[in-house]
Amino acid sequence: MESALKDLYRAHTGHTPHSVEELPSSGSNRRYFRLSAPGCPTLVGVLGTIVQENDAFLSFDEHFASKQLPVPRVVAVAPDRMSYLQTDLGDTLLFHAIEKGRLTRVFSPEERELLVKTIRRLPDFQFAGAEGLDFTKCYPAAEFDRRSIMWDLNYFKYCFLKATGLEFEEDKLEDDFSRMADVLMQSDSTTFMYRDFQSRNVMIADGEPWFIDFQGGRRGPFYYDVASFLWQAKANFPDSLRHDLILEYIDSVRRYRDIDPAQFLYTLRHFVLFRTLQVLGAYGFRGYFEKKPHFMQSVPFAVANLRALLGEPFEEYPYLTAMLRRLVDMKQFSDVLQKRQLTVRVLSFAYKKGIPADPSGNGGGFVFDCRAVNNPGKYERYKPFTGLDKQVIEFLEADGEVITFLDHCYALVDASVERYMERGFTNLSVAFGCTGGQHRSVYCAQHMAEHINKRYGVKVELLHREQDIEQLFSPR
(Lines give C-alpha, C1' and ligand atoms only; values in the text may rest on other atoms or scores of the structure.)
Protein backbone atom coordinates (compact mmCIF):
# COMPACT_ATOMS: atom_id res chain seq x y z
CA MET A 1 0.00 0.00 0.00
CA GLU A 2 2.88 2.39 0.68
CA SER A 3 3.85 2.04 -2.96
CA ALA A 4 0.56 3.71 -3.93
CA LEU A 5 1.57 6.79 -1.96
CA LYS A 6 5.05 6.81 -3.51
CA ASP A 7 3.52 6.62 -6.97
CA LEU A 8 1.11 9.42 -6.12
CA TYR A 9 3.93 11.60 -4.77
CA ARG A 10 6.01 10.97 -7.89
CA ALA A 11 3.09 11.80 -10.16
CA HIS A 12 2.36 15.02 -8.24
CA THR A 13 5.92 16.35 -7.76
CA GLY A 14 7.84 14.63 -10.52
CA HIS A 15 10.27 13.19 -7.95
CA THR A 16 10.54 9.90 -6.10
CA PRO A 17 10.26 10.43 -2.32
CA HIS A 18 13.57 9.95 -0.54
CA SER A 19 11.89 9.58 2.84
CA VAL A 20 8.65 7.83 3.80
CA GLU A 21 7.97 8.04 7.53
CA GLU A 22 4.88 6.45 9.08
CA LEU A 23 3.20 8.75 11.58
CA PRO A 24 1.56 7.65 14.84
CA SER A 25 -1.97 6.39 14.32
CA SER A 26 -5.02 7.25 16.39
CA GLY A 27 -8.17 5.24 17.01
CA SER A 28 -9.02 4.48 13.38
CA ASN A 29 -7.49 2.05 10.92
CA ARG A 30 -6.33 4.87 8.66
CA ARG A 31 -2.54 5.13 8.21
CA TYR A 32 -0.57 8.33 7.73
CA PHE A 33 2.88 8.85 6.21
CA ARG A 34 5.16 11.86 5.71
CA LEU A 35 6.81 11.86 2.29
CA SER A 36 9.62 14.16 1.20
CA ALA A 37 12.24 14.66 -1.48
CA PRO A 38 14.96 17.31 -1.96
CA GLY A 39 13.56 20.48 -3.46
CA CYS A 40 9.97 19.27 -3.11
CA PRO A 41 7.26 20.01 -0.57
CA THR A 42 6.82 17.61 2.34
CA LEU A 43 3.38 16.03 2.09
CA VAL A 44 1.30 13.74 4.26
CA GLY A 45 0.00 10.61 2.58
CA VAL A 46 -3.18 8.94 3.81
CA LEU A 47 -4.12 5.31 3.29
CA GLY A 48 -7.79 4.71 3.97
CA THR A 49 -9.59 1.40 4.29
CA ILE A 50 -13.09 2.42 3.15
CA VAL A 51 -13.57 4.38 -0.06
CA GLN A 52 -16.82 6.01 1.18
CA GLU A 53 -14.99 7.35 4.23
CA ASN A 54 -12.25 8.76 2.01
CA ASP A 55 -14.87 10.35 -0.23
CA ALA A 56 -16.45 11.99 2.81
CA PHE A 57 -13.15 13.52 3.88
CA LEU A 58 -12.23 14.64 0.37
CA SER A 59 -15.62 16.26 -0.20
CA PHE A 60 -15.64 18.01 3.19
CA ASP A 61 -12.05 19.16 2.85
CA GLU A 62 -12.68 20.78 -0.52
CA HIS A 63 -15.80 22.48 0.81
CA PHE A 64 -14.19 23.76 4.02
CA ALA A 65 -11.17 25.04 2.11
CA SER A 66 -13.51 26.98 -0.18
CA LYS A 67 -14.90 28.62 2.97
CA GLN A 68 -11.36 29.63 4.01
CA LEU A 69 -11.52 27.35 7.06
CA PRO A 70 -8.23 26.04 8.54
CA VAL A 71 -7.96 22.52 7.11
CA PRO A 72 -5.15 20.68 5.30
CA ARG A 73 -5.41 20.95 1.51
CA VAL A 74 -5.67 17.75 -0.52
CA VAL A 75 -3.27 18.03 -3.47
CA ALA A 76 -3.50 14.60 -5.14
CA VAL A 77 -5.91 11.66 -5.07
CA ALA A 78 -5.27 8.13 -6.36
CA PRO A 79 -7.59 6.87 -9.13
CA ASP A 80 -9.12 4.27 -6.78
CA ARG A 81 -9.59 7.01 -4.12
CA MET A 82 -8.10 4.73 -1.48
CA SER A 83 -5.13 7.05 -0.92
CA TYR A 84 -4.37 10.75 -1.24
CA LEU A 85 -1.80 13.42 -0.40
CA GLN A 86 -2.42 16.51 1.70
CA THR A 87 -0.40 19.46 2.95
CA ASP A 88 1.81 18.84 5.99
CA LEU A 89 0.75 20.76 9.12
CA GLY A 90 3.68 19.55 11.21
CA ASP A 91 3.76 17.34 14.28
CA THR A 92 2.11 19.36 17.05
CA LEU A 93 -1.30 18.11 18.07
CA LEU A 94 -3.27 20.34 20.41
CA PHE A 95 -3.33 17.32 22.75
CA HIS A 96 0.47 17.53 23.02
CA ALA A 97 0.58 21.33 23.12
CA ILE A 98 -1.47 21.29 26.33
CA GLU A 99 0.33 18.33 27.88
CA LYS A 100 1.54 20.13 31.02
CA GLY A 101 -1.96 21.34 31.74
CA ARG A 102 -3.45 17.90 31.17
CA LEU A 103 -1.03 16.31 33.61
CA THR A 104 -1.24 18.94 36.34
CA ARG A 105 -4.71 20.42 35.69
CA VAL A 106 -2.99 23.82 35.87
CA PHE A 107 -3.20 25.29 32.37
CA SER A 108 -0.77 28.07 31.46
CA PRO A 109 -1.95 31.26 29.73
CA GLU A 110 -0.44 29.95 26.48
CA GLU A 111 -2.34 26.65 26.76
CA ARG A 112 -5.56 28.47 27.58
CA GLU A 113 -5.09 30.73 24.57
CA LEU A 114 -4.83 27.73 22.25
CA LEU A 115 -7.98 26.22 23.74
CA VAL A 116 -9.87 29.51 23.41
CA LYS A 117 -8.80 29.87 19.77
CA THR A 118 -9.95 26.33 19.06
CA ILE A 119 -13.36 26.51 20.73
CA ARG A 120 -14.08 29.89 19.13
CA ARG A 121 -13.25 28.45 15.68
CA LEU A 122 -15.61 25.50 16.08
CA PRO A 123 -18.84 27.40 15.20
CA ASP A 124 -17.30 28.38 11.85
CA PHE A 125 -17.28 24.69 10.89
CA GLN A 126 -20.67 23.96 12.41
CA PHE A 127 -22.60 26.89 10.94
CA ALA A 128 -20.68 28.41 8.01
CA GLY A 129 -19.30 24.98 7.12
CA ALA A 130 -22.79 23.51 6.91
CA GLU A 131 -23.88 26.04 4.26
CA GLY A 132 -23.76 24.29 0.90
CA LEU A 133 -22.18 21.12 2.29
CA ASP A 134 -23.12 17.93 0.44
CA PHE A 135 -24.36 15.80 3.34
CA THR A 136 -25.00 12.87 0.98
CA LYS A 137 -21.24 12.27 1.15
CA CYS A 138 -21.37 11.55 4.90
CA TYR A 139 -20.24 8.12 6.04
CA PRO A 140 -21.53 5.97 7.67
CA ALA A 141 -24.62 8.17 8.27
CA ALA A 142 -25.77 11.48 6.86
CA GLU A 143 -27.50 12.65 10.01
CA PHE A 144 -27.46 12.37 13.79
CA ASP A 145 -30.83 10.64 14.11
CA ARG A 146 -32.62 8.34 16.52
CA ARG A 147 -31.09 5.24 14.92
CA SER A 148 -27.53 6.53 15.41
CA ILE A 149 -28.31 7.50 19.02
CA MET A 150 -29.61 4.03 19.85
CA TRP A 151 -26.68 2.45 18.01
CA ASP A 152 -24.19 4.37 20.18
CA LEU A 153 -26.07 3.62 23.40
CA ASN A 154 -26.12 -0.07 22.59
CA TYR A 155 -22.45 0.16 21.65
CA PHE A 156 -21.90 1.25 25.25
CA LYS A 157 -24.12 -1.54 26.56
CA TYR A 158 -22.59 -4.40 24.61
CA CYS A 159 -18.95 -3.32 24.30
CA PHE A 160 -18.41 -1.78 27.73
CA LEU A 161 -21.18 -2.39 30.22
CA LYS A 162 -21.52 -6.13 29.64
CA ALA A 163 -17.72 -6.50 29.65
CA THR A 164 -17.57 -5.10 33.21
CA GLY A 165 -19.76 -7.92 34.54
CA LEU A 166 -22.26 -5.52 36.13
CA GLU A 167 -25.75 -6.99 36.41
CA PHE A 168 -28.58 -4.86 35.03
CA GLU A 169 -32.18 -5.11 33.81
CA GLU A 170 -32.05 -4.73 30.07
CA ASP A 171 -35.69 -3.71 29.58
CA LYS A 172 -35.46 -0.84 32.07
CA LEU A 173 -32.15 0.28 30.58
CA GLU A 174 -33.61 0.29 27.06
CA ASP A 175 -36.57 2.36 28.31
CA ASP A 176 -34.18 5.04 29.58
CA PHE A 177 -32.14 4.83 26.38
CA SER A 178 -35.34 5.62 24.51
CA ARG A 179 -36.04 8.58 26.81
CA MET A 180 -32.54 9.89 26.21
CA ALA A 181 -33.06 9.67 22.46
CA ASP A 182 -36.26 11.70 22.88
CA VAL A 183 -34.35 14.44 24.76
CA LEU A 184 -31.43 14.56 22.32
CA MET A 185 -33.68 14.63 19.27
CA GLN A 186 -35.30 17.86 20.48
CA SER A 187 -32.11 19.73 19.53
CA ASP A 188 -31.55 21.56 16.25
CA SER A 189 -29.85 19.28 13.72
CA THR A 190 -29.15 21.68 10.85
CA THR A 191 -25.45 22.25 11.59
CA PHE A 192 -22.32 20.26 10.73
CA MET A 193 -21.50 17.88 13.57
CA TYR A 194 -17.79 17.04 13.60
CA ARG A 195 -18.58 13.97 15.78
CA ASP A 196 -15.02 13.31 16.95
CA PHE A 197 -13.99 16.84 17.81
CA GLN A 198 -11.24 16.54 20.40
CA SER A 199 -7.69 17.77 20.98
CA ARG A 200 -6.10 14.87 19.06
CA ASN A 201 -7.93 16.07 15.93
CA VAL A 202 -6.59 19.61 16.05
CA MET A 203 -3.10 20.52 14.83
CA ILE A 204 -1.21 23.61 15.96
CA ALA A 205 0.78 25.33 13.21
CA ASP A 206 2.24 28.83 13.63
CA GLY A 207 0.30 29.18 16.87
CA GLU A 208 -3.09 28.60 15.23
CA PRO A 209 -5.46 25.60 15.33
CA TRP A 210 -6.03 23.55 12.17
CA PHE A 211 -8.81 20.98 12.03
CA ILE A 212 -8.23 17.42 10.80
CA ASP A 213 -9.97 14.00 10.71
CA PHE A 214 -13.51 15.22 10.13
CA GLN A 215 -14.44 12.33 7.84
CA GLY A 216 -17.02 11.05 10.35
CA GLY A 217 -18.96 14.31 10.30
CA ARG A 218 -22.67 14.56 9.56
CA ARG A 219 -25.64 16.85 10.01
CA GLY A 220 -26.36 17.15 13.71
CA PRO A 221 -26.73 19.32 16.83
CA PHE A 222 -23.85 21.60 17.76
CA TYR A 223 -23.99 20.54 21.43
CA TYR A 224 -22.36 17.22 20.60
CA ASP A 225 -19.02 18.71 19.51
CA VAL A 226 -18.81 20.93 22.60
CA ALA A 227 -19.37 17.88 24.82
CA SER A 228 -16.84 15.87 22.81
CA PHE A 229 -14.14 18.54 23.09
CA LEU A 230 -14.56 19.74 26.67
CA TRP A 231 -15.18 16.31 28.19
CA GLN A 232 -12.50 14.45 26.23
CA ALA A 233 -11.40 11.87 28.79
CA LYS A 234 -7.65 12.46 28.85
CA ALA A 235 -7.84 16.21 28.28
CA ASN A 236 -8.48 16.39 32.04
CA PHE A 237 -9.97 19.90 31.99
CA PRO A 238 -10.94 21.32 35.40
CA ASP A 239 -14.50 22.56 35.75
CA SER A 240 -13.46 26.20 35.93
CA LEU A 241 -11.66 25.94 32.57
CA ARG A 242 -14.62 24.15 31.00
CA HIS A 243 -16.88 26.96 32.25
CA ASP A 244 -14.65 29.63 30.71
CA LEU A 245 -14.44 27.79 27.39
CA ILE A 246 -18.22 27.32 27.27
CA LEU A 247 -18.64 31.07 27.66
CA GLU A 248 -16.16 31.62 24.83
CA TYR A 249 -18.08 29.18 22.65
CA ILE A 250 -21.46 30.81 23.39
CA ASP A 251 -20.00 34.21 22.54
CA SER A 252 -18.62 32.87 19.26
CA VAL A 253 -21.90 31.13 18.31
CA ARG A 254 -23.76 34.44 18.66
CA ARG A 255 -22.16 35.48 15.36
CA TYR A 256 -24.54 32.95 13.79
CA ARG A 257 -27.59 32.76 16.03
CA ASP A 258 -29.08 33.91 19.31
CA ILE A 259 -28.50 31.48 22.16
CA ASP A 260 -29.85 31.30 25.70
CA PRO A 261 -26.99 30.30 28.06
CA ALA A 262 -29.25 28.59 30.60
CA GLN A 263 -30.98 26.46 27.97
CA PHE A 264 -27.64 25.73 26.32
CA LEU A 265 -26.16 24.42 29.58
CA TYR A 266 -29.25 22.32 30.33
CA THR A 267 -29.16 20.63 26.93
CA LEU A 268 -25.38 20.32 26.87
CA ARG A 269 -25.46 18.27 30.06
CA HIS A 270 -27.51 15.56 28.34
CA PHE A 271 -25.11 15.49 25.41
CA VAL A 272 -22.16 15.19 27.79
CA LEU A 273 -23.75 12.10 29.34
CA PHE A 274 -24.49 10.62 25.93
CA ARG A 275 -20.99 11.33 24.60
CA THR A 276 -19.40 9.84 27.73
CA LEU A 277 -21.35 6.62 27.25
CA GLN A 278 -20.44 6.54 23.56
CA VAL A 279 -16.75 7.02 24.39
CA LEU A 280 -16.84 4.24 26.99
CA GLY A 281 -18.33 1.97 24.34
CA ALA A 282 -15.45 2.81 22.01
CA TYR A 283 -12.89 2.26 24.78
CA GLY A 284 -14.52 -1.06 25.60
CA PHE A 285 -14.39 -2.24 22.01
CA ARG A 286 -10.82 -1.09 21.41
CA GLY A 287 -9.61 -2.17 24.83
CA TYR A 288 -11.56 -5.26 25.92
CA PHE A 289 -11.98 -6.76 22.46
CA GLU A 290 -9.10 -5.43 20.35
CA LYS A 291 -6.70 -5.53 23.35
CA LYS A 292 -5.29 -2.06 22.73
CA PRO A 293 -3.87 -0.81 26.07
CA HIS A 294 -4.02 2.89 25.11
CA PHE A 295 -7.81 2.79 25.26
CA MET A 296 -7.96 0.95 28.58
CA GLN A 297 -5.70 3.62 30.07
CA SER A 298 -8.31 6.23 29.16
CA VAL A 299 -11.18 4.43 30.89
CA PRO A 300 -10.51 5.82 34.42
CA PHE A 301 -10.62 9.39 33.07
CA ALA A 302 -13.96 8.76 31.35
CA VAL A 303 -15.34 7.06 34.48
CA ALA A 304 -14.20 10.07 36.54
CA ASN A 305 -16.13 12.33 34.15
CA LEU A 306 -19.16 10.08 34.55
CA ARG A 307 -18.90 10.11 38.34
CA ALA A 308 -18.81 13.92 38.34
CA LEU A 309 -21.82 14.11 36.00
CA LEU A 310 -23.84 11.92 38.34
CA GLY A 311 -23.32 14.41 41.16
CA GLU A 312 -26.66 15.84 40.01
CA PRO A 313 -29.29 13.26 39.07
CA PHE A 314 -30.70 12.92 35.59
CA GLU A 315 -34.35 12.71 36.60
CA GLU A 316 -35.33 11.84 33.03
CA TYR A 317 -33.40 8.54 33.25
CA PRO A 318 -33.92 7.09 36.76
CA TYR A 319 -32.84 3.52 36.07
CA LEU A 320 -29.86 4.52 33.93
CA THR A 321 -28.68 6.94 36.64
CA ALA A 322 -28.92 4.29 39.38
CA MET A 323 -27.16 1.72 37.21
CA LEU A 324 -24.34 4.14 36.31
CA ARG A 325 -23.79 4.94 39.98
CA ARG A 326 -23.29 1.24 40.63
CA LEU A 327 -20.94 1.14 37.65
CA VAL A 328 -18.63 3.94 38.82
CA ASP A 329 -18.53 2.36 42.30
CA MET A 330 -17.31 -0.99 40.98
CA LYS A 331 -14.01 -1.90 42.61
CA GLN A 332 -12.15 -2.04 39.31
CA PHE A 333 -12.93 1.66 38.77
CA SER A 334 -13.25 3.03 42.30
CA ASP A 335 -9.78 1.80 43.31
CA VAL A 336 -8.22 3.74 40.45
CA LEU A 337 -10.35 6.81 41.11
CA GLN A 338 -9.56 6.83 44.82
CA LYS A 339 -5.86 7.02 44.05
CA ARG A 340 -6.61 10.29 42.25
CA GLN A 341 -8.98 11.69 44.89
CA LEU A 342 -8.11 14.20 47.57
CA THR A 343 -7.40 13.17 51.16
CA VAL A 344 -7.26 15.96 53.75
CA ARG A 345 -5.30 15.21 56.92
CA VAL A 346 -6.39 17.32 59.89
CA LEU A 347 -4.40 17.33 63.15
CA SER A 348 -4.34 18.91 66.58
CA PHE A 349 -1.03 19.23 68.43
CA ALA A 350 0.89 20.91 71.25
CA TYR A 351 3.49 23.46 70.16
CA LYS A 352 5.79 22.41 73.00
CA LYS A 353 6.01 18.95 71.37
CA GLY A 354 6.71 20.28 67.89
CA ILE A 355 4.78 20.85 64.68
CA PRO A 356 3.77 17.49 63.15
CA ALA A 357 5.42 16.34 59.95
CA ASP A 358 3.43 15.83 56.75
CA PRO A 359 3.63 12.07 56.00
CA SER A 360 2.53 12.60 52.37
CA GLY A 361 5.99 13.99 51.65
CA ASN A 362 4.63 17.25 50.26
CA GLY A 363 5.89 19.22 53.24
CA GLY A 364 3.20 21.85 52.91
CA GLY A 365 -0.30 22.61 54.07
CA PHE A 366 -1.69 24.89 56.77
CA VAL A 367 -0.60 25.27 60.38
CA PHE A 368 -2.95 27.46 62.41
CA ASP A 369 -1.96 28.87 65.79
CA CYS A 370 -4.92 28.73 68.21
CA ARG A 371 -3.08 30.32 71.15
CA ALA A 372 -4.75 33.73 70.66
CA VAL A 373 -8.12 32.16 71.50
CA ASN A 374 -9.22 32.28 75.15
CA ASN A 375 -7.66 29.25 76.86
CA PRO A 376 -9.83 26.98 79.01
CA GLY A 377 -6.65 25.25 80.18
CA LYS A 378 -6.02 28.16 82.54
CA TYR A 379 -8.91 26.97 84.70
CA GLU A 380 -8.63 23.92 86.93
CA ARG A 381 -12.18 22.70 86.23
CA TYR A 382 -11.45 22.25 82.51
CA LYS A 383 -8.14 20.41 82.87
CA PRO A 384 -9.68 16.91 82.86
CA PHE A 385 -11.47 17.60 79.58
CA THR A 386 -10.57 18.10 75.91
CA GLY A 387 -12.00 20.15 73.09
CA LEU A 388 -14.34 17.23 72.36
CA ASP A 389 -16.18 17.58 75.66
CA LYS A 390 -19.34 19.62 76.18
CA GLN A 391 -17.89 21.71 79.00
CA VAL A 392 -14.95 22.92 76.90
CA ILE A 393 -17.08 23.45 73.80
CA GLU A 394 -19.48 25.69 75.73
CA PHE A 395 -16.58 27.66 77.23
CA LEU A 396 -14.92 28.26 73.85
CA GLU A 397 -18.13 29.23 72.07
CA ALA A 398 -19.40 31.53 74.83
CA ASP A 399 -17.48 34.62 73.69
CA GLY A 400 -17.46 33.75 69.97
CA GLU A 401 -13.69 34.11 69.55
CA VAL A 402 -13.15 30.56 68.37
CA ILE A 403 -16.05 30.77 65.91
CA THR A 404 -14.62 33.90 64.28
CA PHE A 405 -11.17 32.29 64.21
CA LEU A 406 -12.52 29.15 62.53
CA ASP A 407 -14.52 31.14 59.98
CA HIS A 408 -11.26 32.67 58.75
CA CYS A 409 -9.62 29.24 58.71
CA TYR A 410 -12.54 27.77 56.76
CA ALA A 411 -12.23 30.46 54.09
CA LEU A 412 -8.53 29.74 53.55
CA VAL A 413 -8.82 25.96 53.61
CA ASP A 414 -11.98 25.85 51.48
CA ALA A 415 -10.23 27.75 48.70
CA SER A 416 -7.38 25.26 48.71
CA VAL A 417 -9.64 22.20 48.90
CA GLU A 418 -11.59 23.44 45.88
CA ARG A 419 -8.46 24.08 43.85
CA TYR A 420 -6.87 20.79 44.93
CA MET A 421 -9.99 18.87 43.87
CA GLU A 422 -10.11 20.70 40.56
CA ARG A 423 -6.43 20.07 39.82
CA GLY A 424 -6.46 16.44 40.88
CA PHE A 425 -4.10 16.87 43.84
CA THR A 426 -4.29 14.05 46.35
CA ASN A 427 -3.05 15.36 49.71
CA LEU A 428 -3.62 18.43 51.88
CA SER A 429 -2.53 18.87 55.50
CA VAL A 430 -4.30 21.16 57.99
CA ALA A 431 -2.93 21.38 61.54
CA PHE A 432 -4.07 23.33 64.61
CA GLY A 433 -1.67 23.95 67.46
CA CYS A 434 -2.13 25.32 70.98
CA THR A 435 -0.11 25.25 74.19
CA GLY A 436 -1.02 21.76 75.39
CA GLY A 437 -2.77 20.32 72.34
CA GLN A 438 -5.81 19.50 74.47
CA HIS A 439 -8.55 22.12 74.27
CA ARG A 440 -8.45 24.81 71.57
CA SER A 441 -6.57 22.87 68.92
CA VAL A 442 -8.70 19.76 69.45
CA TYR A 443 -11.91 21.77 69.12
CA CYS A 444 -10.70 23.48 65.94
CA ALA A 445 -9.35 20.34 64.28
CA GLN A 446 -12.55 18.42 65.01
CA HIS A 447 -14.75 21.14 63.55
CA MET A 448 -12.50 21.60 60.51
CA ALA A 449 -12.58 17.87 59.73
CA GLU A 450 -16.35 17.73 59.99
CA HIS A 451 -16.72 20.92 57.92
CA ILE A 452 -14.54 19.67 55.04
CA ASN A 453 -16.18 16.26 54.85
CA LYS A 454 -19.70 17.68 55.02
CA ARG A 455 -19.09 20.41 52.45
CA TYR A 456 -16.91 18.59 49.92
CA GLY A 457 -17.44 14.90 50.60
CA VAL A 458 -13.71 14.16 50.44
CA LYS A 459 -11.86 11.71 52.62
CA VAL A 460 -10.63 13.30 55.85
CA GLU A 461 -8.15 11.69 58.25
CA LEU A 462 -8.35 13.31 61.69
CA LEU A 463 -5.63 12.89 64.32
CA HIS A 464 -5.62 14.43 67.80
CA ARG A 465 -1.95 13.75 68.35
CA GLU A 466 -1.63 14.37 72.06
CA GLN A 467 -4.70 12.24 72.86
CA ASP A 468 -3.76 9.55 70.33
CA ILE A 469 -7.27 9.73 68.89
CA GLU A 470 -7.83 8.97 65.21
CA GLN A 471 -11.03 9.31 63.20
CA LEU A 472 -11.72 8.65 59.53
CA PHE A 473 -14.36 10.54 57.58
CA SER A 474 -15.12 8.49 54.47
CA PRO A 475 -15.53 10.13 51.06
CA ARG A 476 -19.07 10.53 49.78
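Okay, so the sheet. In this predicted model, five strands make up an open sheet, and they run in the order β1-β2-β3-β5-β4 with antiparallel pairing. If you're new to this, strands of a sheet pair through backbone hydrogen bonds, either parallel or antiparallel.

Which strands stand at the edges? That's β1, residues 19-22, and β4, residues 74-77. Each has a single partner strand, so one side of each has no neighbour in the sheet. Going from one strand to the next, you get a twist that averages 25 degrees.

Let's look at one pair. β1 meets β2, which covers residues 31-36, over four bridges in the antiparallel sense. You can find S19 standing opposite S36 in β2.

Now the helices. α1, residues 2-13, packs on the sheet and touches β1, β2, β3, β4 and β5. Its direction makes about 55 degrees with that of β5. α2, residues 51-66, also packs on the sheet, but here the contacts are with β4 and β5, and the angle to β5 is about 30 degrees.

Let's stay with α2 for a moment. From first C-alpha to last, its 16 residues reach 23 Å, close to the 22 Å expected at 1.5 Å a residue. And how many of those 16 residues are buried? It's 12, so the helix is largely enclosed by the rest of the structure. Among the buried ones, you can pick out F57, L58, F60 and F64. What do the buried residues of α2 pack against? They pack against β4, β5, α5 (109-128) and β6 (191-193).

Terms used:
Residues numbered from 1 in each chain as written. Predicted model: local features only at pLDDT ≥ 70, side-chain atom pairs only at ≥ 80, totals over all residues. Heavy atoms only, no water. Pairing = 2+ DSSP bridges. Helix = DSSP H or I, 4+ residues; strand = E, 2+ residues; numbered from the N terminus. Axes fitted to C-alpha atoms, helices over the stretch in contact; angles between N-to-C directions. Contact = heavy atoms within 4.5 Å. Expected span 1.5 Å × (residues − 1). Buried < 20%, exposed > 50% of the residue type's maximum accessible area, 1.4 Å probe, protein only.
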